[in-house]
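Please keep the sequence and the 3D view open while reading.

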Amino acid sequence: MKTIYFDNNATTQVDPAVLEAMLPFLTEMYGNPSSMHTFGGKVGRYVTEARAQVAAAIGAAPEEIIFTSCGSESDNTAIRSALQAQPDRRHIITTRVEHPAVLSLAQHLEKNGVEVSLLGVDAKGRMDLDELRAAIRKDTAIISIMTANNETGTIFPIAEAGAIAHEHGVPFHTDAVQAVGKVALDMKTMPVDYLALSGHKLHAPKGVGALYVRRGTAYRPFLRGGHQERGRRAGTENVASIVALGKACELATAAMHEENTQVRALRDRLESGLLAAIPDAVVNGDTANRLPNTSNIAFKYVEGEAILLMLDQHGVCASSGSACTSGSLEPSHVLRAMGVPFTFAHGSIRFSLSRFNTMEDVEYVVRELPPIIRRLREISPFRGEMTGKPACTC
Ligand SMILES: *Cc1c(COP(=O)(O)O)cnc(C)c1O
């Protein structure tokens, strides 16, 4: 059975051109880029090239890019750096819909004496800039707002939020892990001080990321040790993955417009096909301002986990935001923050596409999913009794 992969916001396929670019560094070119000899130095030149490629993708200067092990490390580094560099500031602002890389760190910091303001979102997942203005204090160390949400694709007004932060003298961080390669980002014009990105969300391998730190921004390393990354992030460079990240950034930005157009057409056909065939289904998120690859659809009266299981039997990979824990079915924190009603939130499925998907993939799901939903609704505990909470079945 063919695998149809609609879970690209969880991770992506490595592009064959990316794999080709990285392979020599897993075989003959194994030198340490920090070594004095020619053999190592030759490898160092490729790290330099990759840094320039990553920088170019976001309109940054190469020296503003620090290679890290993942998007989560980049997010953690940015927020911790701002707190360490401003010891008299013990307040941070972020949103209720961030990825756990930010949200769970914020919760941890809160237990350790940092005050956290969590900004809400409306029913479409949109933030309110006035709420941000009102939350800023004299002791705010950093404002961290994602560029695009991984569950709904909703895009945030980063330029506006960054400008508000700067008006108040507060550093601004954005988790752009889902946005790089899909949303135009230019650090030359955007008031952003820190930006996190990750390789495996843009067709590079897992385990490599980067943190942009604007020149002049106070910075404290997260990992201390050797003097790699000009003393800003210790650890011998993951050369193969760094080269891969550079190549992936180059590919993603070179074809961004075409790719967005192509992927958006697939996503829109998937969405309209499913909505036309399935009653009581609605799109979660801001359809007017959304990543072109993401569609989060709520199918009323059914459980997301059941849908995923049936899709899986048909070779289709998608995802649901809900986490089933300790006897209660809790919808995702993102859908909860949006106030998506219970009977919808539980049946929410995220489809996230990439340039490797085809119209055949889409038509297959448009054909196979409606009968699945019909069958599940026939046996749904929600049916006829839409207010009562069902027993957990997971
Ligand atoms: C995947 C993701 C991350 C984490 O990136 P890793 O490289 O997996 O650590 C952070 N933020 C967002 C929005 C993501 O989608």
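In what order do the three strands of the open sheet stand, and is the pairing parallel or antiparallel? In this predicted model, the order is 9-10-14 and the pairing is antiparallel. Strand 9 (281–284) and strand 14 (348–352) are the edge strands; each has a single partner strand, so one side of each lacks a neighbour in the sheet. From one strand to the next, the twist averages 30 degrees.

Strand 9 and strand 10 (residues 294–299) are joined by four bridges. Asparagine 284 faces asparagine 296 of strand 10. Helix 8 lies across strands 9, 10 and 14, at about 10 degrees to strand 10.

Helix 8 (256–277) is also among the elements that cover the buried residues of helix 7. Others include helix 1 (16–22), helix 2 (38–57) and strand 7 (194–198). The buried residues of helix 7 include Val239, Ile242, Leu245, Gly246 and Cys249. Helix 7 (residues 239–254) has 16 residues and should span 22 Å at 1.5 Å a residue; its end C-alpha atoms are 23 Å apart, which agrees.

The protein chain contains 12 helices and 14 strands. Its overall values are as follows.

| Property of the protein chain | Value |
|---|---|
| Buried residues | 57% of the 394 residues |
| Contacts between residues 24 or more positions apart | 73% of the contacts with a separation of 6 or more |
| Accessible surface belonging to carbon and sulfur atoms | 54% of about 16,400 Å² |

For 394 residues, a compact globule would have a radius of gyration near 21 Å; the protein chain has 22 Å, which agrees.

Key:
Residues numbered from 1 in each chain as written. Predicted model: local features only at pLDDT ≥ 70, side-chain atom pairs only at ≥ 80, totals over all residues. Heavy atoms only, no water. Helix = DSSP H or I, 4+ residues; strand = E, 2+ residues; numbered from the N terminus. Expected span 1.5 Å × (residues − 1). Buried < 20%, exposed > 50% of the residue type's maximum accessible area, 1.4 Å probe, protein only. Contact = heavy atoms within 4.5 Å. Pairing = 2+ DSSP bridges. Axes fitted to C-alpha atoms, helices over the stretch in contact; angles between N-to-C directions. Rg over C-alpha atoms; globule rule 2.2 N^0.38 Å. Areas by Shrake-Rupley, 256 points an atom, 1.4 Å probe, with all protein chains shown as cover.
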